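Me: I'm new to this one and would like to go through it slowly. Could you take me through a few spots?

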Amino acid sequence: MARALRLAEAGLFGTSPNPRVGCVLVREGRVVGEGYHRRAGEAHAEVAALAAAGPAARGATVYVTLEPCAHHGRTPPCADALLSAGVARVVVAMEDPNPLVAGRGIARLREAGIPVEVGLLENEARELNIGFVSRITRGRPWVRMKCAASLDGRTALANGVSKWITGPAARHDVQYWRARSCAILTGAGTVLADDPRLDVREIDTPRQPRRIVLDSHLSLSPQARILQGGNTVVITAAEDAALLATFREQGVTVVEMGRKGGDVDLVRLMGWLAAQEVNELLVEAGATLNGALLEAGMVDELVLYLAPTVLGSPARGLFKLPEFTCMEERIDLVIRDVRAVGRDLRIIARLSGRRET
């Protein structure tokens with residue numbers, strides 16, 4: 001199963017909106033076939049492993065990281081393919097939370113007399129598909145917020161200059177988080193200040209994540225670099241028909257999603273992203289949007305790069321939040337990983353008590 005999970009990781013950048021799945025077939029103590037799901041619409045992991053095994057699949061034990069599907073989607077049911085191949089036993093890391101599957105694949109195999117065991121390395125399988133599980137069970141993506149700051153928690157000088165706080169290794173590491181994400185979210189303030197592209201560079205990836213810009217009042221220039229290439233959506237609360245038409249005439253996709261007060265409705269946004277089949281959302285924004293998402297309870301995980309430098313009190317902070325008047329109001333985190341990335345320190349932390357469900 002550990003090998004199956006490593007295989008599944010090979011699809012980390014390409015399977016969206018499908019889950020990442022790996023499969024290994026073992027017969028008489030020997031691996032006879034293995035495979036993984038590469039991208040949506042292509043063969044599932046079980047089918048790829050069966051094809052690799054050929055006739056040797058008959059009588060084999062199947063180790064698969066996610067319950068075999070039992071419905072017709074983009075491809076035929078994997079449970080049926082396993083039955084047709086004559087496998088003898090199936091070991092599943094975790095059940096599929098998708099209501100279209102949700103135990104049906106396991107039930108079909110058992111009804112046909114195939115022993116099925118469930119739960120081996122389940123936590124690891126869930127972590128690999130944390131965004132898929134979040135979208136299916138919570139109706140919103142897994143929201144991962146990337147931040148880069150000095151040791152005193154500052155993201156830019158008071159005049160807005162921020163290039164570069166972190167070193168080349170940390171900036172390269174960010175490309176990995178972008179590549180595995182279905183979409184990247186930022187705010188108009190960041191675009192106006194830095195004119196970023198927010199695309200994946202330096203890493204070979206079969207697809208670029210969608211870029212989502214929150215621009216409540218449509219203050220962006222249609223010439224901004226992030227709006228080029230047709231892979232960007234601007235979310236706005238603006239109701240000015242003429243202004244909306246101007247953006248759309250420039251080829252910019254604009255979605256109106258306002259709420260009372262003139263801001264973008266963040267809760268509605270997360271539901272919309274889930275409907276767009278976004279599993280993992282990476283936030284790369286400034287203190288205002290970062291703070292708003294934290295305050296709304298819409299952040300699951302932080303990826304924080306700390307540079308060995310101090311920028312001073314007047315410099316800009318990580319999160320714009322209201323004053324806390326008692327310690328009970330604080331936002332607690334659980335640190336899951338700390339490591340050096342080049343000259344910088346990377347901390348991965350989750351909001352206290354926050355899991356994928």
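Reply: One term before we start: contact, or touching, means heavy atoms within 4.5 Å. With that in mind, Gly-33 touches Cys-23, Val-24, Leu-25, Ala-49, Ala-52 and Ala-53, leaving aside residues up to four places away in sequence. This is a predicted model, in which local features need pLDDT of at least 70 and side-chain atom pairs count only at pLDDT 80 or more, while totals for chains, interfaces and linings use all residues. Residues are numbered from 1 along each chain as its sequence is written, and side-chain values use heavy atoms, with hydrogens and water left out.

Me: Which strand is Gly-33 in, and is Gly-33 buried or exposed?
Reply: Gly-33 lies in strand S2, residues 30–36; helices (H or I, at least four residues) and strands (E, at least two) are DSSP runs, numbered from the N terminus. Gly-33 counts as buried, at 5% relative accessibility, where buried means under 20% relative accessible area, exposed over 50%, and partly exposed in between, with a 1.4 Å probe and protein chains only.

Me: Switching to helices, how do H2 and H3 pack?
Reply: The axes of H2 (residues 45–53) and H3 come within 9 Å and cross at roughly 20°; axes are lines fitted to C-alpha atoms, for helices over the stretch in contact, and angles run from 0 to 180 degrees between N-to-C directions. That makes H2 roughly parallel to H3, since angles under 35 degrees count as roughly parallel, over 145 as roughly antiparallel, 65 to 115 as roughly perpendicular and the rest as oblique.

Me: Which residues meet there?
Reply: Glu-46, Val-47 and Leu-50 in H2 meet Cys-78, Ala-81, Leu-82 and Ala-85 in H3. By class, this contact of H2 with H3 has six nonpolar, no polar and one charged residues, where Ala, Val, Leu, Ile, Met, Phe, Trp, Tyr, Cys and Pro count as nonpolar, Asp, Glu, Lys and Arg as charged, and the others, Gly among them, as polar.

Me: And what about H3 with H4?
Reply: H3 (residues 78–85) and H4 (residues 104–111) pack at an angle of about 25°, with their axes 9 Å apart, and that makes H3 roughly parallel to H4. On the H3 side, Ala-79, Asp-80, Leu-82 and Leu-83 meet Gly-105, Arg-108 and Leu-109 in H4. That contact has four nonpolar, one polar and two charged residues.

Me: New topic: how many disulfides are there?
Reply: A search of the whole structure finds zero disulfides, a disulfide being a pair of cysteine sulfur atoms within 2.5 Å. Cys-69 is in none, and the nearest cysteine sulfur, that of Cys-78, is 3.7 Å away.

Me: Where does Val-143 sit, and what does Val-143 touch?
Reply: Val-143 is in strand S6, residues 142–150, and is buried with a relative accessible area of 0%. Not counting residues up to four places away in sequence, Val-143 touches Met-270, Leu-281, Val-283, Met-298, Val-299, Asp-300 and Glu-301. The C-alpha atoms of Val-143 and Met-270 are separated by 9.1 Å, although these residues are 127 residues apart along the chain.
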